[in-house]
Amino acid sequence: MSDLPTDGLRPFQAMEILKRAKALEAAGRSICHLELGEPGSPPAPRVLEAVRRALPDAQGYTNAKGLIGLREGLAGYYGDQHGVVVDPEAIVCTMGSSSGFILAFHAAFRPGARIAVTRPGYPAYINTLLGLGFAVTEIGLSAANGWHLSGADIAAAHAREPFEGLLFASPANPTGAAVDRAGLADIVATCARLGVTLISDEIYHGLDYRGPSVSALELTDQAIIINSFSKYYCMTGWRIGWMVLPERLVRRAEILQQNLFISAPTLSQIAATAALGERDYAEEQKAGYATNRLLLNQGLAALGFDVGRASDGAFYDYAGIAPFSNDAMGFCERLLDEAGVAATPGVDFDRVDGNGYVRFSYAGTAASIAQALERMEGWLKRR
Ligand SMILES: Cc1ncc(COP(=O)(O)O)c(C=O)c1O
């Protein structure tokens, strides 16, 4: 009998693959990890120094919205990088972007409300929404369109089944697709016309390879912005992120934060404040991803995977596996067990067409990507 919940909640397959990969490693196998969107480098050295200095004293809760120094630093970031004025009082520091989603959903909507997400998309969107009692509309994207979402896609989906909110990421996971300013303006204007609240997941900002990341804040003060130190600043395990809220939602989000989480972890907030001053270090990491991006994309194409051009941003290649299999989970399990390469099945991101895709992450080292390609070459020949 299946042990899956009946409300559509599903395991996060990337984590399930990681669990299997760790078990193989514990048994002595060597595994190339291309399954997780996790930077291979630690945070900048000065971040760790700041935490070491603060450790003896930083033991208590902070203000529910977060340390004022961090929120002022974030407001400064929006001024410097995006040319927009943000009131530190409109910022709430969160436990990664993940807790930001919970605050955003409950601040802007009531359980039962319908929220649209893209398909493929980050799996936790659907799982979190369903787990919290919201309804989900999926807007299908296509490889032929570069996996880009447009205002026309939103309007067509809304005409079929109206929704109150749209949660959308650029650059996106798993495709890396990123919209430019005109594309984002189209999405923002469509949401405004339809009365849809936009939640803009900007967690991969800074990791655009084709131009500067454009924040929805540059175009509207009515969107909820979600961001995190996990990716650009290499701080996944610190569980620290932030959100910027429209004025009408700030107080409700603050009250929810007080009651649900009290505050984000104090030491992580101190680390994040230091990280904001370490963009040079983050750019060095990005240069590594930029090299990996081409290495992986060209390598996968040479092996016969169906990959378009290298992704616009983030650190993923969403590869078509039609030449090899129509069962992404089975493909990934065998790839892991037989070749020692961990990758994430497309069914994690797309419950309809995901069996035709596998997501490879290039957030790790060039050496591990090169080794994974070599192992896959031998394995594909042997199959
Ligand atoms: C699009 C997207 N949003 C949010 C997250 C969650 O990240 P965190 O909670 O570490 O900020 C991820 C993680 O991979 C992601 O890919």
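Which residue in β12 is the bridge partner of A319? I found that A319 is partnered by V358. Before going on I noted that the model is predicted, so that local features need pLDDT of at least 70 and side-chain atom pairs count only at pLDDT 80 or more, while totals for chains, interfaces and linings use all residues. Residues are numbered from 1 along each chain as its sequence is written.

Next I looked up the sheet around this pair: three strands form an open, antiparallel sheet in the order β9-β12-β11 (strands are DSSP runs of E, at least two residues, and helices are runs of H or I, at least four, numbered from the N terminus; two strands pair if DSSP finds at least two bridges between them). The edge strands, each pairing on one side only, are β9 (316–320) and β11 (344–345). Five bridges hold the antiparallel pairing of β9 with β12 (residues 357–361).

I then turned to the sheet of seven strands, which is open and mixed, in the order β2-β8-β7-β6-β5-β3-β4. Because β2 (91–94) and β4 (135–140) each have a single partner strand, one side of each is left without a neighbour in the sheet. Within this sheet, β5 (residues 165–169) and β6 (residues 197–201) run parallel and are joined by five bridges, and I saw that A169 stands opposite D201 in β6.

Last, I looked up the ligand, which 13 residues surround, the closest being G96, S97, S98, S228 and S230 (a residue is near if its C-beta atom, placed from the backbone, lies within 6 Å). Helix α4 (residues 96–108) gives the most to this shell, with three residues.
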